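Dear colleague,

Here is the structure for your files. My notes on what was found follow below it.

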Amino acid sequence: MTNPYLWWRDGVIYQIYPRSFADSNNDGLGDLPGITARLDYLAHLGVDAIWLSPFYPTPDVDFGYDISNHCEVDPRFGTLSDFDDLVREAHRRDIRVVLDLVLNHTSDQHPWFAESRASRDNPKRDWYIWQPRPNNWQSVFGGKGWEYDEQTGEYYFHMFVKEQPDVNWRNPQVRQAQLDVVRFWLGRGADGFRLDVFNAYFKDEQLRDNPPKFGLRGFDRQKHIYDIDQPEMMPLLAELREILDASPEKYAVGETFIASPATAAGYCGPDKLHAAFNFDFTLRPYNPAAFRDAIQKWDQVAGQQVWPNYVLSNHDQPRTATRYCRGEDDSRAIVVMAMLLTLRGTPFLYYGEELGLRDISLARHEILDPPGKRYWPFYKGRDGCRAPMQWDASPNAGFSGATPWLKVHPNYVHRNAAAQQADPDSLFNITRQLIALRRAYPSLRCGRLDFLEAPGGLLAYTRTDGREKLTVVLNFSGRKHNYRPEGKPVFVSPGGEAQIYSSTG
Ligand code: NOJ
């Protein structure tokens with residue numbers, strides 16, 4: 001019999017960027033004990049799992065995505081025993097813990113790389129990708145993908161900044177060492193993993209040049225047929241899946257790098273990943289036809305075999321409310337939140353999305369993110385969406401007793417968790433109600449989705465499971481409408497922009 005409620009399929013997964021969530025020791029940086037102290041908030045919101053962006057030791061060139069030890073906690077974020085406490089306390093509240101595994105590259109400060117670059121005959125030389133001459137591959141963060149190393153007179157490949165050398169997954173020892181990292185965290189109670197740029201692990205064996213295509217920046221002027229999506233990925237996913245399936249209800253979601261929904265779907269299945277991100281929503285304008293198109297495309301490629309997922313925000317994109325809302329008005333955030341939480345697929349929430357947090361704006365000298373520094377003013381980087389969580393109206397938004405590593409959005413004085421928890425009409429309480437509805441109605445979790453023909457400006461669909469049928473009506477237009485589907489209302493947002501009707505017998 002299939003599990004009637006499977007956390008990663010039926011539940012809501014909440015992404016935490018640890019350095020910005022809650023600072024327990026007042027050093028301006030969030031940490032693991034800070035997260036543990038806020039678990040009751042997350043349990044109250046109703047999420048089923050948290051995904052923690054990296055908290056491992058890091059020189060912070062790419063803010064934790066450059067790891068110098070995969071099996072430790074950076075002392076600024078806590079200790080392994082703090083991690084154990086967090087897992088125990090999360091599990092006590094029925095919240096699963098998903099870790100971010102960054103296995104495509106390490107920091108250049110990782111001991112593996114220190115050995116690899118020490119000499120050409122070092123036993124770990126082949127743990128990274130070294131060449132006497134570079135091919136035409138580019139770094140997605142700008143510039144060439146190859147860095148010359150004076151000491152040994154060769155180039156190493158880095159898909160991201162030069163301080164993030166890519167490992168050589170073709171080396172069997174590397175493969176074992178990486179899978180040991182997976183086993184290490186499973187042994188410490190992790191419930192699953194988010195795999196950073198997993199489809200870039202393998203590169204073409206002959207390191208052939210990518211063919212050209214039209215684009216603005218160097219990276220976009222190539223067809224990425226040799227530096228990502230290599231066939232060797234599939235047997236590795238099968239091996240990883242076997243490790244995960246050795247214990248019940250473990251999970252892996254891949255971050256599919258520059259991929260179409262079809263590519264993402266191709267990486268999912270019983271001997272592959274449980275899920276792979278489709279970021280289509282993050283690219284769509286605030287328009288019902290655009291979202292309908294994204295949902296239909298995803299459903300089409302996912303079929304019945306692949307379980308979809310939906311993401312509006314994460315640590316790499318401007319926040320949902322920044323993209324769609326006007327000023328401090330949350331009505332558009334309510335519409336898309338209601339959509340996210342009523343679709344057929346796992347919803348991912350990004351910390352503070354339930355409060356409608358907006359991006360902070362930064363002057364050039366305040367920018368920390370490497371691509372932001374490189375491409376300013378054409379691209380200002382990802383710091384904007386990584387600002388401290390807004391807990392209350394006290395100094396630093398209750399995030400920290402010290403000056404935070406990134407500034408707090410000035411709207412924290414009125415836009416914060418405490419204020420929204422006390423206001424029944426807030427986005428927080430709307431999100432909470434919608435999560436509770438998703439839990440209460442199987443049709444919202446796993447029912448069939450059929451679009452209805454509704455007047456312009458509306459997105460309307462039914463979710464059906466057996467005799468249970470819910471109709472969701474989302475008003476993108478900002479104007480009143482008379483569209484009224486069958487059934488009795490089970491949810492109406494305070495402004496009426498999101499409505500759900502039940503016509504269950
Ligand atoms: C994808 C992550 O989401 C992003 O934040 C990071 O910079 C790159 N991978 C490199 O790890």
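**Ligand site**

A polar side-chain atom of D62 lies 2.6 Å from an oxygen atom of the ligand; a polar contact here is a pair of N or O atoms within 3.5 Å, and within protein one must be able to donate a hydrogen and the other to accept it, with residues adjacent in sequence counted only if both atoms are side-chain atoms. The side chain of H105 has an N or O atom 3.0 Å from an oxygen atom of the ligand, and for R194 the distance is 3.0 Å. The ligand taken alone exposes 300 Å², of which the protein buries 98% (Shrake-Rupley method, 1.4 Å probe).

This is a predicted model, in which local features need pLDDT of at least 70, side-chain atom pairs count only at pLDDT 80 or more, and totals for chains, interfaces and linings use all residues. Residues are numbered from 1 along each chain as its sequence is written, and side-chain values use heavy atoms, with hydrogens and water left out.

The ligand is surrounded by 14 residues, the closest being D62, D196, H315, D316 and R382 (a heavy atom within 4 Å). By class, this shell holds 4 nonpolar, 3 polar and 7 charged residues; Asp, Glu, Lys and Arg count as charged, Ala, Val, Leu, Ile, Met, Phe, Trp, Tyr, Cys and Pro as nonpolar, and the others, Gly among them, as polar.

**Aromatic pairs**

The whole structure has 42 aromatic pairs (ring centres of Phe, Tyr or Trp, the last by its six-membered ring, within 6.5 Å; planes under 30 degrees apart are stacked, over 60 edge-to-face, the rest tilted). W8 and Y251 form a stacked pair, 5.3 Å centre to centre with 20° between the planes.

**Backbone**

Most residues other than glycine have a negative phi, and most peptide bonds are trans. The peptide bond from W376 to P377 is cis, with omega near 0°. N26 is not a glycine, yet has a positive phi of about 50°.

Regards
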